[in-house]
Amino acid sequence: MESQEIRECLSLNLKKYRKIKGWSQFELAEKAEISEQTVNSIEGLRLWPSDKTLAKIASVLDVDLYRLFLPQNLSMQSDSIVELKSVVVETVEALVHDILHNWESL
């Protein structure tokens with residue numbers, strides 16, 4: 001999974017879980033104690049959120065953080081467990097890489 005694909009998954013899932021709650025971007029932002037512009041920029045693929053922001057968003061949406069990175073077309077049937085594991089491992093590796101890269105640039 002490429003970096004752009006991860007961003008797209010995050011964007012789509014953030015919108016999906018926000019809409020399941022029936023919240024606007026403003027309402028999500030208010031509940032997560034972040035700016036509406038931050039939510040808009042994440043959904044619009046213009047901003048990669050910090051780990052703290054991701055944790056806040058997942059918490060108020062009441063979803064496990066990893067679910068924000070699962071591809072929309074991934075089925076949860078037993079024959080897709082290997083695929084799910086691969087996606088999760090790739091996602092975690094990409095996140096760790098991004099965090100370490102950002103850490104080094106500080």
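The largest pocket has a volume of about 220 Å³. To find its centre, select Pro49, Ser50, Asp51, Ile99 and Asn102, the closest to that point among the 11 residues of the lining. Keep in mind that this is a predicted model.

**Stop 1: the helices around the pocket.** Select residues 51-61, which are helix H4, and then residues 81-104, which are helix H5; each helix supplies at least two residues of the pocket lining. Which helix gives the largest share of the lining? H5 does, with four residues.

**Stop 2: the kinds of residue in the lining.** Colour the lining residues by class. Eight of them are nonpolar, two are polar and one is charged.

**Stop 3: a patch on the surface.** Now select Val92, Val96 and Leu100, and show the surface. These residues form a nonpolar patch, and their accessible area together is about 250 Å². Click on Val96, which lies in helix H5.

**Stop 4: the whole chain.** Clear the selection and switch to a cartoon view. The protein has five helices and zero strands. Followed from the N terminus, its elements run α-α-α-α-α. Finally, colour the chain by accessible area: of the 106 residues in the protein, 36% are buried.

Definitions and conventions:
Residues numbered from 1 in each chain as written. Predicted model: local features only at pLDDT ≥ 70, side-chain atom pairs only at ≥ 80, totals over all residues. Heavy atoms only, no water. 1 Å grid on protein atoms, 1.4 Å probe; cavity = no way out; pocket = protein on both sides within 12 Å on 5 of 7 lines; lining within 4 Å. Points joined across faces, edges and corners; volume = space filled by probe spheres on them. Nonpolar A, V, L, I, M, F, W, Y, C, P; charged D, E, K, R; others polar. Patch = residues over 30% accessible without salt bridge, like charges linked within 9 Å, V, L, I, M, F, W, Y side chains within 5 Å. Areas by Shrake-Rupley, 256 points an atom, 1.4 Å probe, with all protein chains shown as cover. Salt bridge = Lys/Arg side-chain N within 4 Å of Asp/Glu carboxyl O. Buried < 20%, exposed > 50% of the residue type's maximum accessible area, 1.4 Å probe, protein only.
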